[in-house]
Amino acid sequence: MKNSNAQYWVSNLGLLPHPEGGYYKRTFESEEHTSDQELTVNFEGKRKMYTSIYFLLTSNDVSHFHRLKSDELWYYHAGSPLTIHIIDENGEYEEIKLGMNLDNGEVPQALVPKNSIFGSSVMEEDTCSLVGCMVSPGFEFQDFELFTQSELLMKYPKHEEIIMKLAYEEIPELG
């Protein structure tokens with residue numbers, strides 16, 4: 001799947017630019033809600049039980065390091081394999097290859113635990129990757145936190161190489 005096909009997915013699925021990089025569209029959301037009273041998560045108000053999106057990333061972009069207060073399940077759909085880069089709550093770095101080539105260490109779905117700092121990148125040049133992401137409790141932008149390189153380097157200097165690739169130099173205006 002070449003980059004020219006990224007526009008196919010963007011157009012036909014109605015994807016919009018995402019502040020972390022790439023494109024997305026919310027596809028499903030729970031009608032039921034929960035509060036942080038029932039969970040080990042702190043947030044204001046109520047959250048949907050789950051939300052789900054399509055997410056498309058090209059090899060010309062990255063999904064910048066960010067953190068959610070909820071678990072996020074990733075599902076591979078099409079295109080090039082994708083690497084999910086995770087710095088967990090203990091400061092340990094892990095890569096998960098999302099794709100269908102099991103013999104190459106890829107998996108068709110993966111969990112990013114809540115409170116992890118994570119981003120993603122496409123594994124092959126001149127391609128794109130289409131995945132699905134389900135967040136539970138449901139995603140709200142108020143629970144979404146982006147990071148700068150300097151913020152992450154102060155806390156995780158041993159992960160400098162990946163931080164320089166996936167963290168913003170300066171957080172862009174989100175609109």
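How many disulfides does the count come to by the distance rule for cysteine sulfur atoms?

## Basis of the model and the cysteines

This is a predicted model, in which local features need pLDDT of at least 70 and side-chain atom pairs count only at pLDDT 80 or more, whereas totals for chains, interfaces and linings use all residues. Residues are numbered from 1 along each chain as its sequence is written, and side-chain values use heavy atoms, with hydrogens and water left out.

The count comes to 0 disulfides, a disulfide being a pair of cysteine sulfur atoms within 2.5 Å. The sulfur of Cys-128 has its closest cysteine sulfur in Cys-133, and the 14 Å between them is too far for a bond. Cys-133 is likewise in no disulfide. Cys-128 is buried, with a relative accessible area of 0%, and Cys-133 is buried at 2%. Here, buried means under 20% relative accessible area, exposed means over 50%, and partly exposed lies in between (1.4 Å probe, protein chains only).

## The nonpolar cores

A nonpolar core is a set of buried Ala, Val, Leu, Ile, Met, Phe, Trp, Tyr and Cys residues joined through side-chain atoms within 4.5 Å. The largest one has 23 residues, of which Phe-55, Trp-74, Leu-82, Ile-84, Leu-98 and Val-131 touch the most other members. Two or more residues come from each of the elements β5 (51–58), β7 (71–79), β8 (82–87), β9 (93–98), β10 (109–112), β11 (117–122) and β12 (128–136). Strands (E, at least two residues) and helices (H or I, at least four) are DSSP runs, numbered from the N terminus. Another core, of 11 residues, lies apart from the largest one; among its members are Phe-147, Tyr-156, Leu-166 and Ala-167.

Contact means heavy atoms within 4.5 Å. When neighbours within four places in sequence are left aside, the contacts of Leu-98 include Trp-74, Leu-82, Ile-84, Val-107 and Val-131. Leu-57 is found in strand β5 and is buried, with a relative accessible area of 0%. With neighbours within four places again left aside, the residues in contact with Leu-57 include Gly-21, Val-62, Leu-82, Val-122 and Cys-128. Leu-57 and Tyr-23 stand 34 residues apart in sequence, while their C-alpha atoms are 6.5 Å apart in space.

## Salt bridges

Side chains of opposite charge can pair when their charged atoms come close. A salt bridge is a side-chain nitrogen of Lys or Arg within 4 Å of a carboxyl oxygen of Asp or Glu, and the structure holds 5 of them. One joins Lys-48 to Glu-29, at 3.2 Å from N to O. This pair links distant parts of the chain, as Lys-48 is in strand β4 (residues 46–48) and Glu-29 is in strand β2, 19 residues apart. Lys-48 is buried at 18% relative accessible area, whereas Glu-29 is partly exposed at 37%.

Another salt bridge is formed by Arg-67 and Glu-145, whose closest N and O atoms are 3.0 Å apart. Arg-67 lies in strand β6 (residues 62–67) and Glu-145 in strand β13 (residues 145–146), so this pair ties together parts that are 78 residues apart in sequence. The side chains of Lys-165 and Glu-161 also meet, at 3.7 Å from N to O. These two residues are separated by about one helical turn, because they are 4 residues apart in helix α3 (residues 160–166). Lys-165 is exposed at 53% relative accessibility, and Glu-161 is exposed at 61%.

## A nonpolar surface patch

On the surface, Phe-28, Met-49 and Tyr-50 form a nonpolar patch with about 300 Å² of accessible area together. Patches are made of residues with over 30% relative accessible area and no salt bridge; nonpolar side chains (Val, Leu, Ile, Met, Phe, Trp, Tyr) are joined within 5 Å, and like charges within 9 Å. Accessible areas come from the Shrake-Rupley method with a 1.4 Å probe, and for residues only the protein chains shown count as cover. Phe-28 lies in strand β2 (residues 23–29) and counts as exposed, at 56% relative accessibility.

## Backbone features

A cis peptide bond joins Ser-136 and Pro-137, with omega about -10°. Pro-137 lies in the loop between β12 and β13.

Asn-115 is not a glycine, yet it has a positive phi of about 70°. Its place is in the loop between β10 and β11. Asp-126, also not a glycine, has a positive phi of about 55° and is found in the loop between β11 and β12.
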